Amino acid sequence: MRPSRFYEGTAIIIGIGEHCIGPDPVATIGLGSCVALILYEPRRAIGSMAHVMLPDSNGRTDRPGKYADTAVRLLVDGMVAGGCRRQRLVAKLVGGASMFAQFSGNLNIGERNTHTLKALLATEGIPIVAELTGGNVGRSVVFTPSEGGRVMVKRADGTCCEL
Amino acid sequence: MRLTDVQLDAIRELGNIGAAHAATTLSQMLMCQINMSVPEIQVVDIGQICNHIGDDYSAMVVFQLQGELEPGGYIVLLVSRESALRLTNTMLGMTDTDRDLSEMDQSALLEIGNIMISAFLDGTAMLLGIVMLPSPPALVIDMAHAGMSSLLATMDADIDEVILFRTELKDEEHMVNSDILFLPDTRTLTDILRLLESIAGPM
């Protein structure tokens with residue numbers, strides 16, 4: 001994957017179900033009910049991000065970044081393989097909104113994505129140091145491991161905030 | 001599911017007819033000429049959707065497909081925020097484009113969406129011989145990619161690809177650009193292909 005222009009800087013842009021591990025800035029656009037799962041190792045300034053769409057893989061293994069359960073495994077293993085100490089990993093979560101209450105019935109996928117990720121991170125013993133989840137707004141996010149794991153979240157109306 | 005070129009052509013033609021009906025109603029509402037692009041139909045991997053649908057501030061009028069087919073899939077009128085303002089200004093006789101979309105604008109957009117998408121589905125019903133009805137519409141004004149990916153997450157099957165049917169309706173006079181996106185789920189698509197096949201012969 002190559003870096004592209006993303007707002008003020010450049011970043012590797014990942015799509016739905018994709019992921020990226022390494023020291024470079026990573027971004028993903030237009031999170032609705034999807035959740036950006038971000039792991040960060042502060043000492044080595046290495047990070048990873050997955051654009052998670054659904055909570056449960058039901059045994060599928062071909063797109064690990066797409067599901068909460070496989071994505072947590074993928075990012076943790078990938079970072080440990082890259083030389084990170086798993087005790088130092090911290091997590092940030094962005095997304096999990098509910099955009100269309102009318103069509104989702106009683107399945108709030110955004111909430112289930114967030115909930116599942118939190119439960120899995122707790123099992124792994126990885127603390128969630130920041131999150132911006134829920135609500136009913138779309139979010140784009142850029143994560144810069146080299147700047148202290150800075151996460152910028154941008155909304156459709158242009159307002160930004162930092163996690 | 002894999003589609004043959006002939007199947008893609010058949011769906012493009014179906015969309016073409018639907019879009020022409022929608023363009024006619026938009027033209028009547030705005031009392032001006034509407035140009036329609038040749039519909040694009042692409043099978044897009046979900047990871048690549050962000051290259052087709054961005055995070056621009058947009059108005060999405062979303063309908064679930066209902067009617068004689070089992071409910072399945074969505075049809076969406078997608079308008080950029082700027083176009084949406086020019087569109088409602090034209091309808092409501094206003095000129096200010098530097099403002100938020102008010103409640104008036106929102107109900108105008110819902111109505112435009114309703115009329116255009118109903119015309120689209122009327123057009124396709126004539127060809128298919130069955131009626132796809134739109135559900136009551138939902139309006140979301142936010143990032144286009146956020147809305148579309150949230151819809152995909154609620155579709156029946158765990159999908160890795162979507163059929164992105166997209167046609168552009170353009171009103172040069174008022175600089176209004178809109179897209180119609182048709183996202184049938186697997187079962188609806190199978191039904192549609194079966195019906196098209198019964199009209200056109202085996203594909």
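I started with B:Asp171, which is buried but has no salt bridge; B:Arg86, the nearest side chain of opposite charge, sits 8.3 Å away. For me, buried means under 20% relative accessible area (1.4 Å probe, protein chains only). A salt bridge needs a side-chain nitrogen of Lys or Arg within 4 Å of a carboxyl oxygen of Asp or Glu; Lys and Arg count as positive, Asp and Glu as negative, and His and the chain ends are not counted.

This is a predicted model, where local features need pLDDT of at least 70 and side-chain atom pairs pLDDT 80 or more, while totals for chains, interfaces and linings use all residues. Residues are numbered from 1 along each chain, chains are lettered from A, and side-chain values use heavy atoms, without hydrogens and water.

Next I looked at what B:Asp171 does have. Its side chain reaches the backbone nitrogen of B:Glu173 at 3.0 Å. Leaving out residues up to four places away in sequence, B:Asp171 touches B:Leu30, B:Cys32, B:Gln33, B:Ile34 and B:Val176 (contact is heavy atoms within 4.5 Å).

B:Cys32 counts as buried at 9% relative accessibility, and B:Cys50 at 14%.

Last, I looked at α2 of chain B. Its buried residues include B:Leu85 and B:Leu87, and α1 and β3 of chain B are among the elements covering the buried residues. Just after α2(B), B:Gly93 takes a positive phi of about 70°. Helices here are DSSP runs (H or I, at least four residues), and strands are E runs of at least two, numbered from the N terminus.

Conventions
Buried means under 20% relative accessible area, exposed over 50%, partly exposed in between (1.4 Å probe, protein chains only). A polar contact is a pair of N or O atoms within 3.5 Å; within protein, one must be able to donate a hydrogen and the other to accept it, and residues adjacent in sequence count only if both atoms are side-chain atoms.
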